[in-house]
Amino acid sequence: MLPVVPQAMSLMPQKRWITTEIEINAPSAFVWKVLTDFPSYGLWNPFIRQITGKLIVGKRLSVFARLPCGLPMVLWPKILGFGIEQEIRWLGSLIVSGLLDGEHVFELKPLAEAQVRFIQKEAYSGVLLPIMWPWLKGQGFEAFGMMNLALKRAAEQSCESSF
């Protein structure tokens with residue numbers, strides 16, 4: 001008879017996701033232009049107030065955000081990848097990797113010639129996740145929703161003013 005070997009339990013909790021989406025009545029090119037015009041974020045984005053840096057895979061951005069509760073955050077996410085008029089993907093960490101990490105994704109899915117579904121999502125992981133999740137989930141959904149609506153307005157206005 002073989003001895004029973006206990007399975008090692010992971011100290012890392014499962015990942016948790018926040019996903020939001022909105023339909024934008026503008027071509028992908030207009031939405032992408034607004035989304036990647038980092039110097040203009042302070043003019044339209046109530047959540048991510050400022051981004052400095054360039055979309056270069058492997059490089060870090062400096063992101064200043066303000067949560068709906070008023071808490072300011074400064075993050076230095078690393079660009080994991082991007083596809084022009086398709087997606088931006090970055091990974092940020094709270095203080096050090098493994099405490100609370102978030103892989104943030106902005107996706108553009110064309111629905112028609114002048115209509116896009118914008119999807120904003122984040123996969124969270126780390127040892128602080130079980131403690132932080134109830135608060136993080138509420139703040140994240142609200143913040144993403146605010147940004148999605150603001151992006152919709154900015155992209156649709158940009159599209160209308162070009163005609």
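## Aromatic cluster and ring pairs

In this predicted model, the residues F38, Y41 and W44 come together as one aromatic cluster. Counted by the distance between ring centres, the aromatic pairs number 6.

A pair of aromatic rings is described by how far apart the centres lie and by the angle between the planes. For F47 and F144, the ring centres are 6.0 Å apart and the planes meet at 50°, so the pair is classed as tilted, given that an angle under 30 degrees would count as stacked and one over 60 as edge-to-face. This pair connects distant parts of the chain, since F47 sits in the loop between α2 (41-44) and β2 (48-52), whereas F144 belongs to helix α3, with 97 residues separating the two. Both F47 and F144 are buried.

## The largest pocket

The largest pocket holds about 660 Å³ of space. Its lining is made up of 33 residues, and those closest to the pocket centre are M73, L75, G92, S93 and L94.

## Composition of the lining

Several elements give two or more residues each to the lining of the largest pocket, namely the strands β3 (62-66), β4 (72-75), β6 (87-93), β7 (101-112) and β8 (115-125), together with helix α3 (129-161). The largest share, 6 residues, is contributed by α3, the helix that also carries F144 of the tilted pair.

How values were computed:
Residues are numbered from 1 along each chain as its sequence is written. This is a predicted model: local features need pLDDT of at least 70, side-chain atom pairs count only at pLDDT 80 or more; totals for chains, interfaces and linings use all residues. Side-chain values use heavy atoms; hydrogens and water are left out. On a 1 Å grid over the protein atoms alone, a cavity is a set of points where a 1.4 Å probe fits but cannot get out, and a pocket is an open set with protein on both sides within 12 Å along at least five of seven lines; lining residues have an atom within 4 Å of a point. Grid points are joined across faces, edges and corners, and a volume is the space filled by probe spheres set on the points. Helices (H or I, at least four residues) and strands (E, at least two) are DSSP runs, numbered from the N terminus. Rings of Phe, Tyr and Trp (its six-membered ring) pair if their centres lie within 6.5 Å; planes under 30 degrees apart count as stacked, over 60 as edge-to-face and the rest as tilted. Buried means under 20% relative accessible area, exposed over 50%, partly exposed in between (1.4 Å probe, protein chains only).
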